[in-house]
Amino acid sequence: RPTEQVPEKFAKGGVHIALVRQLSSGDYFEQWLAGAQAEAKALNVTLDVSSGDDNNDKQALNLQQAVGNKADAIIVDHGFAQTIQPAIKKAVDANIPVVAFDVDPGTPQAVTLDQDDHQIASQALSVLKQDTGGKAKVVYAYVAGFAPLDRRNETWTQFKKDNPGIAQVAKIGVVNSSTASAVADQAKAALQAHPDVTAIFAPYDEFAKGATLAVNELGLQNKVKVYGADVSTADIGVLTAAKSPWTATSATDPANVGRVAVRAAALRVAGRQVATALKVPPTLITQQALRDHGITNVQQLAGAFPALETPDVAPVPWK
Ligand code: SR1
């Protein structure tokens, strides 16, 4: 329920927020965008969306353009620190509010938003540990440089130290417009080279889908289990398919995270205080729970996992 009047600029429909993305393909990024667009519509904001399509120089150019166009606020969605920080500095110097999702903005003047990636990794790893009794040869999927994956990697590194029975025997991973199929090829090769592997830690849903495909194609479903991150309707289909090796995922609702990013940017446009570091906590979703609740799509998830919705993170008082 609104507790305040809509600020004039929003009522008139004159607010432009630039959303500058590094990546746009894949379930996670599509759902995130849908949430951001829905929130922008609800707030009467024009969302100007650009994507670097995995080209960091293109993302940096898009960001410079958003600054040059004097956007009312800018949301930077992923990116590599060295390519986006110079333009973020220009934005904050020009008093343009910046919300940085899953990327280090390099300045405390920007609001940061993340999904608590350490918790994402530790939730998925808690199931891996339970299933394996803390003793397993593991294939690990990771690409350095992406802030959320780097944070999940910190937790994996500590987990290995704390659990000497867990051994990483191969590292795989690629991020591009066909991540899942590339990771499937890599996972297949790793599983063939290491027949004693019983678990794949793949903390990004495109990695987990690729790992699952590899296990299925090799017919190893009874031996090798996959522990992942993120969730989408397509992921739920993969998780709950007969004999699926994908056992657990730790996830937020990506559409909800997109909505939070737009709310934070809108609040800053209206001159409101926003916490400097926003977090949307993840929820552990197991294959068993999805089956028990008969969940087949993301719309049904919130009923069984109400913590996936976070209206209290960056609430807008006039909405
Ligand atoms: C390439 S980075 C992919 C991750 O970004 C978001 O944090 C999602 O959770 C996804 O796993």
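Tutor: Two strands pair if DSSP finds at least two bridges between them. Keep that in mind as we look at this model, which is predicted.

Student: Happy to! In which sense do strand 9 and strand 10 pair, parallel or antiparallel?

Tutor: Strand 9 (residues 225–229) runs parallel to strand 10, with 4 bridges between them. To find one by eye, look for alanine 229, whose bridge partner in strand 10 is serine 250.

Student: What about strand 12, and how many bridges join it to strand 10?

Tutor: Strand 12 (residues 283–286) is antiparallel to strand 10, again with 4 bridges. Here alanine 251 stands opposite threonine 283.

Student: Is strand 10 mostly covered or exposed?

Tutor: Mostly covered: 6 of the 6 residues in strand 10 (residues 246–251) are buried.

Student: Now, how should I read a nonpolar core?

Tutor: In soluble globular proteins, nonpolar side chains tend to be buried together. In this model, the largest nonpolar core has 88 residues, and Phe201 and Leu301 have the most contacts inside it. Helix 10 (residues 254–269) gives the most to this core, with 8 residues.

Student: Why does this core lie between domain 1 and domain 2?

Tutor: Because both domain 1 (8–114 + 254–279) and domain 2 (117–251) give residues to it.

Student: Which residues does leucine 301 touch?

Tutor: Leaving out residues up to four places away in sequence, leucine 301 touches Val231, Ile236, Ile285, Leu290, Ile295 and Leu308. Apart from this core lies another, of 18 residues, including Val20, Val67, Val103 and Ala110.

Conventions
Residues numbered from 1 in each chain as written. Predicted model: local features only at pLDDT ≥ 70, side-chain atom pairs only at ≥ 80, totals over all residues. Heavy atoms only, no water. Core = buried A, V, L, I, M, F, W, Y, C linked by side-chain atoms within 4.5 Å. Buried < 20%, exposed > 50% of the residue type's maximum accessible area, 1.4 Å probe, protein only. Helix = DSSP H or I, 4+ residues; strand = E, 2+ residues; numbered from the N terminus. Domains from an automatic or database assignment. Contact = heavy atoms within 4.5 Å.
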